[in-house]
Amino acid sequence: MTIPVEALRRAKAAEEPVADRRALDDPRAELLELERQGELIVQKIDREAISVMTKYGREKRIQKSHLWHHKSCGQCGHIPGYSTSIFWLMRKLGYDYHDPHDQTSCTGWNYYASATSNPAAQAAVAVRNFAAAYETGYFPLIHCGTSYGHYKDVREELIRHPELRAQVRAVMAKLGKPLVLPEEIVHYSEWVHALRHEIAAKRVRDVSGIVVSVHPACHYHKVVPGDAIYDPDIYGGQRTAVVTGLVEALGATVHDYSTWFDCCGFGFRHILVQRDFSRSFATLRKIEVMKEEANPDVVLTHDTGCVTTLDKSQFAAMAHGRNVGLPVMSDAQFAALALGAHPYRVCQLHWHSADYRPLLEKMGIDWEKAWAEFQSDLRRLESGEKRYLDWDDADGLNDDSGPH
Amino acid sequence: MTVTSSPPRDTDAHYKVWDVAGYADVPRETKARLFEQVKGDLRFGDYLYGCYECGICVGACPSAKFYDFSPRRIAQAAAREDVDLIYQQMQEDIWDCSQCFSCVRCPRGNNPGGIVTIMREVAVRNGLASAKEALVGYTRIIYKIMSTGTQVSPDMLSKDSFPDWGPETADVADNLDLWRRALPPETMHTTTTGWSVAESTLIELYLIWMETGALDMIAEVDPGLHTILLELMEERLEEAGFEV
């Protein structure tokens, strides 16, 4: 039978062309065009920035300082050393920042778990936070991978759909705020990646003997994937460069494993109300595979849910005699440790579940001494000597333990 | 639960079970109306371009490894506008999705996870049984995020809620106030919210929930929670000088 090529061509030509509305090539250019048309305001990068490359070659600039920290509810709530390590790194490098009270969660976790929201509400929450940053003059830096991915999705929806822009603009008008979006949506791990050589230059602990396995966070590199950072020198440009680039800059070794693309098992609703799935996936598809194929000293990742799921899921698996038992933390916590941060005062590792102490020992950190110092801090709080600890306490400047 | 229509469809092998896993069947017009809402979402055209049947989305999908769930079936049912199958998926499948978006590896550019997001929204908006069931036990989270502006709070780490997370989680619960006061950033000394959110910020968030219809959605799946949230928000908004 002959393939009716001409008939097929005629049929195809007769079809109405369908607009290809997949990911935008250059959302920054689209935003600037909308700003030119008076549709919205773009908050510009206005300090020194480092250029990096995104998946398909677009240049993305990462502002180094004067940053508005869009915190993560999961990090602040359950892994506070994740957030404090990001702040600590920024302080260590001498860059100013703003830690706002005028910030809500992106509400993305709830949205992906329960769908009890809608595009207008999600966009309005995002724009309200961006407007809050814009009012301060500080440029937004997003701590959570889900917030980062979700905001990129919101940006695409606002660019594509004028009716959504009109709806959000009307809501913002009631709040007395403009429809404003930043020139780039930047995840903290992109800031860490862009500044990895500056960070590595301040390393005080030898991590050359440390083997790391990396879990790239889904909402970082799968949601609006074209906007994630890639580098031809890292995985041949076939996988996001963040986290791995930092580990290599610090001098540790990355060991790969076959299920790197798999998610952590978080599932948004699953981690809260259907944890049998999260536990199974995290241990069977991630931790055990890492143990068998890479045998790392630590698992590093760059998102809230991933740290939580990979860390917390191991306890129940251990009870079943599974091949688990790997410490899990963020790239920021690992970098902070390498730069001399206190494991409890700054990195807050006592909030983690999987045993991190062998890693600390391998990094040359006396965790028993560090824990005693932290206990001494707590006694100062309990005695009423201080109500709260501050950054000087975290750096050991208020006792004889530091600086670290 | 009584099944009101639809005899067994032996010839329709793509259905899991004919009675939609125990949920009451509904007239076809209702299914068509629900699908029109899915299709009418402004994102639908951004998420669906066709299907090569390659199965890459299924290979990448974590939920497909543990549940009888397939992102390929989601994309195909939507593309075929198969309202019967779509209704079954809305009652049975969509809450299995992990929303990780591994399925966007699709060479055709589909976003099955995004289609699931839309289907979930429609399920919530219409008070489908699957939505009510999926959100049982989850309402405290909705209350937290809508009323405080942060979804995850330190005091959620109770021993009763997370016994499978190990004794370290119990240590957090036992020392919560003290350990929070030991955190260097002054925004993070809170126990009932992830960080300290300004009162004016909360007012703005409440206005967003009310103006965009997000608060109204709660009424369909949990009227009691909706009443609590509505009263809380109205009171705070009126105190702040807004006419509700």
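The model is predicted: local features need pLDDT of at least 70, side-chain atom pairs count only at pLDDT 80 or more, and totals for chains, interfaces and linings use all residues. Residues are numbered from 1 along each chain as its sequence is written, while chains are lettered from A and ligands numbered from 1 in the order in which they are written.

**Exercise 1.** Determine the strand order of the 4-stranded open sheet of chain A and state which helices lie across β10 and β11.

*Solution.* Helices (H or I, at least four residues) and strands (E, at least two) are DSSP runs, numbered from the N terminus. Two strands pair if DSSP finds at least two bridges between them.

1. The order is β9-β8-β10-β11 (chain A), with parallel pairing.
2. β9 (253-254) and β11 (328-330) of chain A are the edges; each has a single partner strand, so one side of each lacks a neighbour in the sheet.
3. β10 (residues 298-301) of chain A pairs with β11(A) over 3 bridges in the parallel sense. Leu300(A) has Met329(A) in β11(A) as its bridge partner.
4. Helix α15 (residues 304-312) of chain A lies across β8 (211-215), β10 and β11 of chain A, at about 165 degrees to β11(A). Helix α17 (residues 331-338) of chain A lies across β10 and β11 of chain A, at about 85 degrees to β11(A). Axes are lines fitted to C-alpha atoms, for helices over the stretch in contact, and angles run from 0 to 180 degrees between N-to-C directions. Contact requires C-beta atoms, placed from the backbone, within 7 Å.

**Exercise 2.** Describe the open sheet of 3 strands in chain A and the helix packed on it.

*Solution.* 

1. The strands follow the order β5-β4-β6 (chain A), with parallel pairing.
2. β5 (97-98) and β6 (139-142) of chain A are the edge strands, each pairing on one side only.
3. β4 (residues 67-70) of chain A joins β6(A) through 4 bridges in the parallel sense; Leu67(A) stands opposite Phe139(A) in β6(A).
4. Helix α6 (residues 119-136) of chain A touches β4, β5 and β6 of chain A, its direction making about 155 degrees with that of β4(A).

**Exercise 3.** Characterise the domains of chain B and its side of the contact with chain A.

*Solution.* 

1. Chain B comprises domain 1 (20-134) and domain 2 (139-239), with bounds from an automatic or database domain assignment. Their centres, taken over C-alpha atoms, are 30 Å apart.
2. The contact takes 67 residues from chain B and 78 residues from chain A.
3. On the side of chain B, α12(B) gives the largest share, 7 residues.

Technical notes. Contact = placed C-beta atoms within 7 Å.
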